[in-house]
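Let's walk through a protein model together, one question at a time.

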Amino acid sequence: MSFHGRLVALGLSVCALSAEAAPKITIAPITGDKKSQVGSQISGALCRTYTCVPSSRVFTKKKPDWNKMKSAQVTGLLVGGVAKAKSGKGKEVQLSWLDKPGKAAQSWSFPLTSAGKLTSSSLQTLSADVGNLASGGGNAGVGAVGALAAGVAAPDTMATTPPTTGPASASSAAGAVAASAALAGTQAEPLPLPVTPTPPAPGEKSLADTPVAVDAGANQGFEPPRHQWRFAVELGADLLNRNLSYSNVPAGSILRPYSLSLFVAPHARLELYPISFFSDGFFAGIGLFGDYSMSLGLKSKFQDTANTFEKGTTYTNWQAGVEWRMRFWKDSDFAFVPFFAYGKQKFVTDGDPTGSGFSGLPQFDLKGIKFGLRVDIPITSGFWILVSGDYVSWSTKNLAIQDDTGANSTTFTGSAHAIEAELGFHIQLVGPLAVRIYGTYSSTSFTFDQNQAEAAGSATDRYLGGRVTLRLQF
């Protein structure tokens, strides 16, 4: 080959080496890294050598999108999180390199210092190994790691994979650099041989203590999945059927049954989880909630052969209390949710026309406490099943009975309790917006005290129906 041909071939080799010197990678935000110390160190070490593509460009709905990675020519994705060390002492960062769906190509576990930072040897080991992986399996030499990995670290005692060393690659890269320098008419200096870093002397700062600029682009548009929202608002409506009946009715009872095939009550709910503003852990699910529903334009109709009229009717149901979404698996939204609340339920006929009433119709105006359990069962990230049940102990002991003039002229005494249940579905629509659809059941039993001749053994006030709400959850 002629001298000019050799120069052309050598130039092409240098260009190819330069093109491969900065593969594209993505560094996902490190979970559990509250002060972004570890993420800052990793980004500062790797993004000086590689082209770091923001995770927002290669993630879809907080998950890696391999089609986007291919389109952006990203060779691999570094993910991980800070956790308690397996040895039981201190913390460690667990990292994985993903270059295709499925099992990670390589994983590491590096111990953190008491200040929550990576040591210099851990950073050098990671840099060398990423260079090896990003270059398609070759050794991490110059071009893949550059001057940053010129001194390859000794193995970190807790690394799950051996450190990458590259004497051969260093020699090849040194030759390429020397040839390039010859073309320019200058003498190339040989690359330094790999060395083992020595620990810093007492009082001397190491790389782990050196501030590193955060690569903001790597975190842009991405937030690790939160399994506990901070607050939520629901607006919708209850669609209910009511049926009031009695058991053990004596011959002299004045009590009147009641049925209503369907009525609508607008419904609102608010949830607030103060601890979740600071943590996504086990106690972040402790929150406050309030529910309120009220009928609009509801009327009850009375009709017999002698008289026909409609009377204004009011239904309200509200509760306020505390609940705890207990998640025993930190990476799952599956939760047991015990709750406790104080509430009130009212169904009375109290409107026009005056001077007319439903003789023998009880006017339920109950208040009391409830406690129950809900289970959140995520089938997918956007579809949940919600199952709940509760017991209500009504503190109301008196039940007013309306007469035919509309006045509550009679009062019976007794005790009441209720059993309630819901089966619902949570369907994510877009962003924080979701729709929830419930089937609901509520049955109040009022047991009359004995020696009340015009009463009955008990009354059962049952509501059966459903609820549809739009939910904003942040």
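The questions below look at a sheet and then at a cavity.

This is a predicted model, where local features need pLDDT of at least 70, side-chain atom pairs count only at pLDDT 80 or more, and totals for chains, interfaces and linings use all residues. Residues are numbered from 1 along each chain as its sequence is written, and side-chain values use heavy atoms, with hydrogens and water left out.

Q: In the open sheet of five strands, which are the edge strands?
A: Strands here are DSSP runs of E with at least two residues, and helices are runs of H or I with at least four, numbered from the N terminus. Two strands pair if DSSP finds at least two bridges between them. The order is β2-β1-β5-β6-β7, with mixed pairing. Pairing on one side only marks the edge strands, β2 (51-52) and β7 (106-111).

Q: In β5, which residue is the bridge partner of K24?
A: Strand β1 (residues 24-27) pairs with strand β5 (residues 74-84) in the parallel sense, over four bridges. In β5, the partner of K24 is V74.

Q: How much space lies in the largest cavity?
A: A cavity is a set of points, on a 1 Å grid over the protein atoms alone, where a 1.4 Å probe fits but cannot get out. Grid points are joined across faces, edges and corners, and the volume is the space filled by probe spheres set on the points. The whole structure has three cavities of 30 Å³ or more. The largest cavity holds about 550 Å³.

Key:
On a 1 Å grid over the protein atoms alone, a cavity is a set of points where a 1.4 Å probe fits but cannot get out, and a pocket is an open set with protein on both sides within 12 Å along at least five of seven lines; lining residues have an atom within 4 Å of a point.
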